[in-house]
Amino acid sequence: MKSTVFIALVALASVLALSACGSNNNDSASSSPSASASASASASAPAAGGETKEITVTATNFQFDTQEIKAKVGDTLKITLKNESGVHGLEIKDLNVNIKNGETATVVLDKAGTYDFNCSIMCGTGHDNMTGQLIVE
Ligand SMILES: [Cu+2]
């Protein structure tokens, strides 16, 4: 009984391994060229932005010195967090940015919108007030 289950599992595992291999090959052959083509097209198409904005946000208890960051579509944002007092993080959820003291995140802003950022480390009583906005036009 036990050995039958084992054999079944081994058979299943090898089928999965084979099919995983097969689908990987298919993916790289069919879908990735079009995906990378459209990505590079959208990155180079908007002539509006294209600048690199370097911003250092300084955090204290309990606020960011920069509460509004403005950028254009196509810009690259290099954002650095500096903690002057307290222990804070800076998170821009919609852009997958989450940096700690001294760290820099680089994001290409390819979509217009208002992106909220906030402190990502529970730092104390004023934690909820530590917010700001990145406005991409
Ligand atoms: Cu906090």
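**Briefing: copper site, strands and core**

Cys119 and Cys123 are both buried, meaning under 20% relative accessible area, where exposed is over 50% and partly exposed lies in between (1.4 Å probe, protein chains only). The model is predicted, and local features need pLDDT of at least 70, side-chain atom pairs count only at pLDDT 80 or more, and totals for chains, interfaces and linings use all residues. Residues are numbered from 1 along each chain as its sequence is written, and side-chain values use heavy atoms, with hydrogens and water left out.

**Copper site**

- The copper ion has as protein donors Cys119 (SG), Ile121 (O), Cys123 (SG) and His127 (ND1), at 1.8 to 2.3 Å.
- Donors are N, O and S atoms within 2.8 Å of the metal (3.2 Å for Na, K and Ca); water is not among the atoms, so sites may look incomplete.
- Angles among the four donor atoms are 89 to 121°, and the site of the copper ion is tetrahedral, a label for four donors with all angles between 85 and 135 degrees.
- For four tetrahedral donors the ideal angle is 109.5 degrees.
- Along the sequence, the donor residues follow the spacing C-x1-I-x1-C-x3-H.

**Strands and pairing**

- Strands are DSSP runs (E, at least two residues), numbered from the N terminus, and two strands pair if DSSP finds at least two bridges between them.
- Five strands form an open sheet in the order β3-β9-β8-β5-β6, with mixed pairing.
- Its edge strands, β3 and β6, each pair on one side only.
- From one strand to the next, the twist averages 15°, with axes taken as lines fitted to C-alpha atoms and angles running from 0 to 180 degrees between N-to-C directions.
- Three bridges link β5 and β6 in the antiparallel sense, and Glu91 stands opposite Asn98 in β6.
- β1 and β4 run parallel and are joined by eight bridges; Thr58 has Lys82 in β4 as its bridge partner.
- β4 also pairs with β7, in the antiparallel sense over five bridges, and Ile79 stands opposite Ala105 in β7.
- β4 is largely enclosed by the rest of the structure, because six of its eight residues are buried.

**Nonpolar core**

- The largest nonpolar core has 25 residues, and those with the most contacts inside it are Phe64, Ile79, Leu90, Ile92 and Leu134.
- At least two residues of this core come from each of β1, β3 (68-71), β4 (76-83), β5, β6, β7 (104-108), β8 (113-119) and β9 (131-136).
- Such a core is a set of buried Ala, Val, Leu, Ile, Met, Phe, Trp, Tyr and Cys residues joined through side-chain atoms within 4.5 Å.
- Leaving aside neighbours within four places in sequence, Phe64 is in contact with residues including Val57, Leu81, Leu90, Phe117, Cys119 and Met130, where contact means heavy atoms within 4.5 Å.

**Individual residues**

- Thr60 belongs to strand β1 and counts as partly exposed because its relative accessibility is 24%.
- Beyond neighbours within four places in sequence, Thr60 is in contact with Glu84, Ser85, His88 and Met130.
- The C-alpha atoms of Thr60 and Met130 are separated by 9.3 Å, although the two are 70 residues apart along the chain.
- The peptide bond from Asn61 to Phe62 is cis, with omega near 0°, and Phe62 is in the loop between β1 (52-60) and β2 (63-64).
- Asn96, in the loop between β5 (90-92) and β6 (97-99), has phi near 60°, a positive value in a residue other than glycine.
- Asn96 counts as exposed because its relative accessibility is 76%.

Methods
Four donors count as tetrahedral if all angles lie between 85 and 135 degrees; four count as square planar and six as octahedral if opposite donors are over 155 degrees apart and all others between 65 and 115; anything else is irregular. Helices (H or I, at least four residues) and strands (E, at least two) are DSSP runs, numbered from the N terminus.
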